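Hi,

Here is the structure I said I would pass on.

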Amino acid sequence: MRVIDVSEITEAVAKLCIDANYDLPSDVYQALKDAYEREKSPVGKAVLSMILENAELAKQRVAPICQDCGLAVVFLEIGQDVHFTGGSLKEAIYEGVRKGYKEGYLRKSTCHPFTRANVGDNTPPVIHYDIVPGDKVRIVVAPKGGGSENMSMVTMLKPADGLEGVIETVVNRVKEAGGNPCPPIIVGVGVGGTFERSAFLAKKALLRPVGKPNPDVELAKVEREILERINKLGIGPMGWGGTVTALAVHFEMEPVHIASLPCAININCHVARHKEIII
Amino acid sequence: MGDVIKLTTPLSDEDIMKLKAGDNVLISGVIYTGRDAAHKRMIQALERGEELPFDVKGQIIYYVGPSPARPGRPVGAAGPTTSYRMNPYAPKLIALGLKGMIGKGKMSQEVKEHCQKYKAVYFGAVGGCGALLSQRIKKAEVIAYEDLGPEAVRRLEVEDFPVIVVYDAHGGDLEEMGIKEYRIEG
Ligand code: SF4
């Protein structure tokens, strides 16, 4: 058994919140650079060159990559041989979010659903716990912006709709979203289990390195097909017309109920932030 | 891509009429910030017959909720937020003389029509470029609704703030034009 004091978790989460908001992951940066080369529209090219320059400025700590520093989504894989001491694990994560958003000069974006009063410290985060073999803890912080999250959806298709129905739904969703989610986007698709499981799979799909295909060759083919269809829409960077609307489509699939075909689409903007640490 | 046009606020009808969808514009001068919560309050103030926190005539509202300023800087990251949330409010302000909005994404048909009827323009700024855009903001000051935090109304002094004309006052729409040009059927 390994003992970990929860204060270590607080420090780790705080640092991850800050780093995620200032340092764009290198795979995302590379994908945007490639997109700049590929983009045919001059307006689209100008947008992509600004995005790349912005990433450099954020890295130098001029300001966060985006003013929407996101709702903190935290994925925790906890080795089953780990024992936490020193207080509540959940509270330690909350404290990490408070500290990170304060010390990193990050925007606090959580509020009451109806009065819209700002909570003030960006809590509560969304936490996904998973128990895995071993004595390590893996923490991923993926701050999620509202603009792209608002363009996401879960829908319960009929089994008869099949794969074509799923593809159609995804492409239509991206078409309707237009420039709202700050294209070029990354599209996470989740099909599996129940209503909430499919949403979780779609979210998790966004954590994959950009453009890394699903190991299943058939699914990888589906990903390529959806990506191609999305990029034919002509939406382009920021929705001002162009050939690069999405950088990648990541598809995750699991068995479903015999009566159902849940389909979730989680859209991420080009500020596809995530940072991780293994303790 | 259109030419680069330099504009200084406040804007006149003449300034607006020469802009076309797709033009790159660099804005200098004073602009104001506001998001949904601030707009809601402004419209409520109007309904009660009260004054707005600033006179919208000839002005531009930037849909932004900046992140906190780091020490020594006027403002934190300050890129645009999604504009459709302001659809219920923008037409009333345009009718009162507002000349421009800066945001991202589509706005409503009603907003488009108001741009034509009252000579106003919807500008787009590049979303997710908060650090870069913040460098074009030289001064920032909260002038109303401080309790809204990032959503408070701010008076910004900007220099060469880069935007593109999305809806012009002649019915032009950059999104429509762009998508038509790059869409591949089938
Ligand atoms: S969608 Fe993403 S890039 Fe655009 S404003 Fe929101 S967080 Fe920033």
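Before the interface, one term: buried area is the accessible area, taken with a 1.4 Å probe, that two parts lose on being put together, summed over both. Please also keep in mind that this is a predicted model.

**Where the chains meet**

With that term in hand, chain B and chain A bury about 3,600 Å² between them, and carbon and sulfur atoms give 64% of that area. On the side of chain B that touches chain A, at least two residues each come from helix H5 (130-134), strand S7 (153-167) and helix H6 (174-182) of chain B. Sorted by class, that side of chain B has 23 nonpolar, 14 polar and 7 charged residues. In all, the contact takes 44 residues from chain B and 47 residues from chain A.

What about polar contacts and salt bridges across it? There are 13 residue pairs in polar contact across the interface of chain B and chain A, with both partners at pLDDT 80 or more. The salt bridge count between chain B and chain A, on the other hand, is 0.

**A salt bridge inside chain A**

Searching the whole structure does turn up salt bridges, 34 of them over all chains. One to look at is Arg61(A) with Asp23(A), where the closest N and O atoms are 3.1 Å apart. Arg61(A) sits in the loop between helix H3 (42-59) and strand S2 (71-79) of chain A, while Asp23(A) is in the loop between H1 and helix H2 (26-38) of chain A, so this pair ties together parts that are 38 residues apart in sequence.

Packed helices are described by the angle between their axes and the distance between the axes.

Take helix H1 (residues 6-22) and helix H4 (residues 89-103) of chain A: their axes come within 7 Å and cross at roughly 35°. The crossing of H1(A) and H4(A) is right-handed. On the H1(A) side, the residues in contact include Val6(A), Ile9(A), Val13(A) and Cys17(A), and among those they meet in H4(A) are Leu89(A), Ile93(A), Gly96(A) and Tyr101(A). This contact of H1(A) with H4(A) has 11 nonpolar, 4 polar and 4 charged residues.

How do H6(A) and helix H8 (residues 217-231) of chain A cross? Their axes come within 10 Å, at an angle of roughly 35°, and H6(A) and H8(A) also make a right-handed crossing. Leu163(A), Ile167(A) and Val171(A) are among the H6(A) residues involved, with Val222(A), Ile226(A) and Arg229(A) among those from H8(A). By class, the contact of H6(A) with H8(A) comes out at 8 nonpolar, no polar and 4 charged residues.

Which residues are joined by cis peptide bonds? Thr123(A) and Pro124(A) are one such pair, with omega about -5°; Pro124(A) is in the loop between H4 and strand S4 (126-132) of chain A. Pro183(A) and Pro184(A) are joined by a cis bond too, with omega about 10°, and Pro184(A) falls in the loop between helix H6 (162-177) and strand S7 (185-193) of chain A.

Over in chain B, Lys119(B) has a positive phi of about 60° despite not being a glycine. You will find Lys119(B) in the loop between helix H4 (109-118) and strand S5 (121-124) of chain B.

Cheers

Key:
Residues numbered from 1 in each chain as written. Chains lettered and ligands numbered in written order. Predicted model: local features only at pLDDT ≥ 70, side-chain atom pairs only at ≥ 80, totals over all residues. Heavy atoms only, no water. Contact = heavy atoms within 4.5 Å. Salt bridge = Lys/Arg side-chain N within 4 Å of Asp/Glu carboxyl O. Polar contact = N/O pair within 3.5 Å; in protein donor to acceptor, adjacent residues only side chain to side chain. Helix = DSSP H or I, 4+ residues; strand = E, 2+ residues; numbered from the N terminus. Nonpolar A, V, L, I, M, F, W, Y, C, P; charged D, E, K, R; others polar. Axes fitted to C-alpha atoms, helices over the stretch in contact; angles between N-to-C directions. Left-handed = near helix turned anticlockwise from the far one by under 90°.
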